[in-house]
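Here is a short note for a colleague opening this structure for the first time. Please read the points with the model on screen.

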Amino acid sequence: MAKTRITKRSVDGLDPADKAFVVYDTELSGFGVRVAPSGSKTYIVEYRPGSGGRSVRSVRLALGRHGVITADEARKLARDRLAQARHGDDPAAQRRQEREAKTVNQIADIWMSESVEPKLAAGTAALYRHYLDKHVRPTIGTRKAMSITPADIDALHGKLGKAGIKATANRLSSMLSAMFNFAARRNIVPAGFTNPVRGLEKFTEEKRERYLSTAELQRLGAVLRDAETIGITWEPDPAKKVKHAAKPENRREVYSPYVVGAIRLLLLTGCRLREILNLRWADVDFERGMIFLATSKTGRRAVVLNAPALAVLESLPRAGDYVIASSDPAKPRTDLKKPWGRITEAAELPGLRIHDLRHSFASIGAGGGMGLPIVGKLLGHTQPSTTARYAHLDADPVRAASDRIGSTIVAALENKPLAEVIQIAGTRKQA
């Protein structure tokens with residue numbers, strides 16, 4: 001076994017042979033340099049992992065190429081690795097584990113195929129796929145998952161927040177947290193891996209709750225009637241350069257019964273957009289007045305149909321498997337974006353989202369004193385806390401309490417006997 005004091009000069013003086021050989025250091029046991037037949041020289045360290053002893057096979061770990069690191073740097077690295085080994089660690093195994101560790105992209109692919117797509121709704125899977133492709137893969141996708149730090153997540157979260165999409169930033173961070181938890185549970189990341197999303201401070205979101213008033217509902221209804229009969233006029237988007245715009249007299253469009261029917265069903269059932277666009281005729285039970293959704297955001301659920309909603313369904317022609325037919329009878333309609341924009345513009349309802357029809361359905365139920373549990377049941381909520389956002393609209397008990405307090409105060413101010421507030425035929429009178 002060749003030995004020498006390993007220094008730059010001694011290593012430079014080692015000539016290659018027909019076979020690779022190792023020269024060990026005379027001062028630090030286990031530290032050496034390997035000389036290949038090609039002449040390349042690599043600093044190495046040998047140790048016995050775990051408890052050590054002659055029964056344990058020694059492990060050789062490369063520290064770096066001569067010329068890339070110096071002899072003194074290699075000696076320091078060797079001391080550190082030997083110290084790790086004495087404490088029961090295995091630096092070679094750790095390096096192998098790091099080399100074999102999966103990237104964020106690889107973990108995302110496994111998570112999507114084995115957890116998200118089989119277990120979650122198709123809409124949720126599509127949203128996660130969009131988040132991954134647009135925001136995650138371009139930024140941290142090629143990085144080893146175990147190298148991702150809280151600072152990396154904070155940077156991505158903050159970048160989206162500065163772009164004005166705070167809600168997306170919060171949803172994306174929740175998605176990443178679930179993905180990293182999955183990786184830890186499946187042992188895809190090393191033991192002791194800390195979820196880098198943990199402790200992230202999310203942006204405060206302003207809940208967008210828009211409810212249609214009676215006057216707004218009347219305007220929307222009038223436009224829907226025009227849309228399916230005489231059509232509604234439209235103007236070209238001034239932001240888009242169109243060479244051959246339609247003449248003013250030709251800027252009137254009649255919409256198919258499926259477009260208008262979809263909007264009416266959204267408003268009359270409180271269903272989500274995809275629940276209506278993906279609705280099949282096989283899911284509708286006319287006899288019992290029900291829709292049985294195989295999949296929704298909250299899983300399987302039944303939707304109770306009121307008489308107007310049933311009338312809309314009965315009026316729609318059957319042109320395939322889907323209630324809201326598209327150009328391809330075998331596929332559901334993808335969206336209502338373009339017709340919805342023109343209809344809301346004609347109804348003077350700027351900024352109204354399709355999801356606001358669901359909010360309006362809920363607000364009418366809560367404001368009508370039907371009780372939040374019933375409203376939650378109609379909307380398919382699985383948690384009472386989800387329906388609680390409409391609590392301020394459930395005005396009957398609050399109004400009764402306010403009337404009682406007000407009448408007591410007025411009676412005291414005017415030195416009159418306390419008058420009871422009695423509800424008679426929908427009006428309020430003082431006895």
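**Notes on the predicted model**

1. Begin at the start of H11, where a side-chain oxygen of Asn306 comes to within 2.9 Å of the backbone nitrogen of Ala309. A polar contact here is a pair of N or O atoms within 3.5 Å; within protein, one must be able to donate a hydrogen and the other to accept it, and residues adjacent in sequence count only if both atoms are side-chain atoms. Helices (H or I, at least four residues) and strands (E, at least two) are DSSP runs, numbered from the N terminus.

2. The model is predicted: local features need pLDDT of at least 70, side-chain atom pairs count only at pLDDT 80 or more, and totals for chains, interfaces and linings use all residues. Residues are numbered from 1 along each chain as its sequence is written, and side-chain values use heavy atoms, with hydrogens and water left out.

3. Which residues of helix H11 (residues 307-315) are buried? They are Ala309, Leu310, Val312 and Leu313. Buried means under 20% relative accessible area, exposed over 50%, partly exposed in between (1.4 Å probe, protein chains only). These four cover an arc of only 155° around the axis, which puts them on the same side of H11. The arc is that of the directions from the helix axis to the C-beta atoms.

4. Contact means heavy atoms within 4.5 Å.

5. S8 belongs to an open sheet of three strands, in the order S8-S9-S10, with antiparallel pairing. S8 and S10 stand at the edges with a single partner strand each, so one side of each has no neighbour in the sheet. Two strands pair if DSSP finds at least two bridges between them.

6. Two bridges link S8 to strand S9 (residues 290-293). Val284 has Ile291 as its bridge partner in S9. The two strands form a hairpin with four residues between them, and Gly289 in the turn has a positive phi of about 65°. Four bridges then join S9 to strand S10 (residues 301-304). There, Leu293 stands opposite Arg301.

7. Move to strand S3 (residues 31-35). Four of its five residues are buried, so S3 is largely enclosed by the rest of the structure. It pairs antiparallel with strand S2 (residues 21-25) over four bridges, and Val22 stands opposite Arg34. Antiparallel pairing with strand S4 (residues 41-47) runs over five bridges, where Val35 has Lys41 as its partner.

8. Both pairs are hairpins. S2 and S3 have five residues between them, with Gly30 in the turn at a positive phi of about 95°. S3 and S4 also have five residues between them, and Gly39 takes a positive phi near 105°.

9. How do helix H5 (residues 122-140) and helix H7 (residues 166-185) cross, and at what angle? Their axes come within 11 Å and cross at roughly 100°. That makes H5 roughly perpendicular to H7 (65 to 115 degrees; under 35 counts as roughly parallel, over 145 as roughly antiparallel, the rest as oblique). Among the contact residues are Tyr128 and His135 of H5 and Arg171 and Met175 of H7. Axes are lines fitted to C-alpha atoms, for helices over the stretch in contact, and angles run from 0 to 180 degrees between N-to-C directions.

10. Finally, Glu206 lies in the loop between H7 and helix H8 (214-228). Glu206 is exposed, with a relative accessible area of 75%. Its C-alpha atom is separated by 9.7 Å from that of Lys166, 40 residues apart along the chain.
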